[in-house]
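I wanted to go through this structure with a few plain look-ups and keep a record of each. The entries below follow the order in which I looked.

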Amino acid sequence: MHIPSSLLVVSALSSMTNAFDLKAYSNNAITAFERAVPAFAKRSGGTTCPTVWNSIAGDLTKMFLDPTNGQCNDDARAAIRAAFHDCGSWDKTQGSTGGCDGSLILSKRADGTPDELNRPENKGLADIAGKLLAVQQKWNTGGNKVSVADVIQFAGSVAIVTCPGGPRVQTYVGRIDSPKGAPDGRLPDVRASGASLFQLFQDKGFSAVDLAALLGAHSTSKQFFVDQATSGQSQDSTPGLWDVKYYGETLNPPAGVFVFPSDTNLAKDPSVGPEFKGFVNNAGKWNGKFADAMLRLSLLGVPGGTNNLIDCTNSVPKGTQNKRDIRAAPINDRVR
C-alpha cells in the first residue's frame, strides 16, 4: 500500500462552526443528514462509547459529503490519507510507541514549525490537519476526552463510509497523543520497487494480501505532485466512489487515470501481485480484507491494542452500496 503525498487535493478551507445550520439547505441529502447521527453508540467491554463521538461523526459527515452528487469529496480523500500517515511510520522496532499517536498533526520542530506536516511525504496534508484539529478542539471540552490521534482515525473511518460502497471499519477511541515526531523514512515512496514496499509493510506486520487490500484506498485518490502535467488526475475513473475499479484500471489504465509507479510495481510483484489481481471485480472480498487490515493499521503502536480502548464503531455511519442509494435513502439508514 502506498499512500504518497501526491494523492491529496488541497481544497479550500471550509469554515468550522459550533453548530450546524441545517435549515440553510433544502436538498434531500442535507435534509436526511439531520437524521444521520446514531442515537446510541456501541458498548464494548462494558464501556459505552461517549456520545460526543456521535456529534463528531455529524461534523465529519458534513465535511466529507458532497451533497450535489452524494459522493465523498476532497476532504474525505485527505482524511483517509491522514489516517494512514499518522500510523504508517510505525514498525515492529518501535513496540508500544509511535504509530497512531497524533504526531502527524502535533509534532513540532525546534523552531516551532510543524515537523511531520513539513516532510515531503506529507505534502498537502496541512489543510485537513487544520480542519481535524479544529474538530478536536471543538469537542475536547466539558469533560469529554477527545484526542487528536482518535480524531484522525475516526475521521478516516467516517470518510471511508462517506464514499458510496465504503465498508464500516471497526473503530476505537482512547489513544494517547504524542508531540514526538515519527522516525523518518518509514512511509512508502511513490517510486519504490515492489519488493522494497512489501518488505516495508512486512516490518509493520502486514502480509501480501493486507498490502494489496490497503492499496485499494487509491480507489478514491487523486495525484497532484507526482506529475505536475497531469495534476488532479485520479487513480481510477470513479474517485468519488469506493469500488474495485482501481485494481483493473491499474493493470489496464484508461485515459485520464494516473497510475503511481509504485502501484504498478506492486501489481507485478511475485508476492503482492497475485493478491492484487484477486481483487479485480471482487468488491466483497476486497472490502472485508481492507476493513481487517485498516483496523490493524489503526492500532499500530497503541499500548495494549484494543484492551485499553473503547469501541465506537456504531458512532461511525454505515455506508451505502451505490450513488443512487445515497441520494434516495435517508442518511440515517446508512449510519446505523
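Predicted model: local features only at pLDDT ≥ 70, side-chain atom pairs only at ≥ 80, totals over all residues.

**Entry 1: disulfides**

I began with the cysteines, and a search of the whole structure gave me three disulfides. Counting the bonded cysteines along the chain, I read their pattern as 1-6, 2-5, 3-4.

I looked up Cys-49 and found it joined to Cys-312, with 1.9 Å from S to S. This pair links distant parts of the chain, since I find Cys-49 in the loop between strand S2 (47–48) and helix H2 (52–64), and Cys-312 in the loop between strand S6 (310–311) and helix H13 (323–328), 263 residues apart. The angle about the S-S bond is 105°, and I noted the link of Cys-49 and Cys-312 as right-handed. Both Cys-49 and Cys-312 are buried.

Next I took Cys-72 and Cys-163, which form a disulfide with their sulfur atoms 2.1 Å apart. Here too the pair links distant parts of the chain: Cys-72 sits in strand S4 (residues 71–72), while Cys-163 is in the loop between helix H6 (148–162) and strand S5 (172–173), 91 residues apart. I recorded 100° about the S-S bond of Cys-72 and Cys-163, a right-handed link. Cys-72 is buried, as is Cys-163.

The link of Cys-87 and Cys-100 is right-handed, with 125° about the S-S bond. I checked burial against the cut-off of under 20% relative accessible area: Cys-87 is buried because its value is 0%, and Cys-100 is buried because its value is 3%.

**Entry 2: helix H10**

Which residues of helix H10 (residues 261–268) are buried? I found Ser-262, Asp-263, Leu-266 and Ala-267. Looking down the axis of H10, I see these buried residues fall within an arc of 135°, so they line one face of the helix. I then asked what they pack against, and the list is helix H7 (194–202), helix H8 (208–215), helix H9 (245–251) and helix H11 (272–277).

**Entry 3: cavities**

The largest cavity holds about 70 Å³ of space. Its lining includes Ala-83, Gln-153, Arg-175, Met-294 and Ser-298, and I noted that H6 gives the most to this lining, with four residues. By class, the lining of the largest cavity divides into five nonpolar residues, six polar and one charged.

**Entry 4: second largest pocket**

For the second largest pocket I wrote down a volume of about 350 Å³. How many residues line this pocket, and which of them lie nearest its centre? There are 20 in the lining, and those nearest the centre of the pocket are Ser-96, Thr-97, Gly-98, Asp-101 and Gly-301. Sorted by class, I have seven nonpolar, ten polar and three charged residues in the lining of the second largest pocket.

Note on methods. Residues numbered from 1 in each chain as written. Heavy atoms only, no water. 1 Å grid on protein atoms, 1.4 Å probe; cavity = no way out; pocket = protein on both sides within 12 Å on 5 of 7 lines; lining within 4 Å. Points joined across faces, edges and corners; volume = space filled by probe spheres on them. Nonpolar A, V, L, I, M, F, W, Y, C, P; charged D, E, K, R; others polar. Buried < 20%, exposed > 50% of the residue type's maximum accessible area, 1.4 Å probe, protein only. Helix = DSSP H or I, 4+ residues; strand = E, 2+ residues; numbered from the N terminus. Arc of directions from axis to C-beta. Contact = heavy atoms within 4.5 Å. Disulfide = S-S within 2.5 Å.
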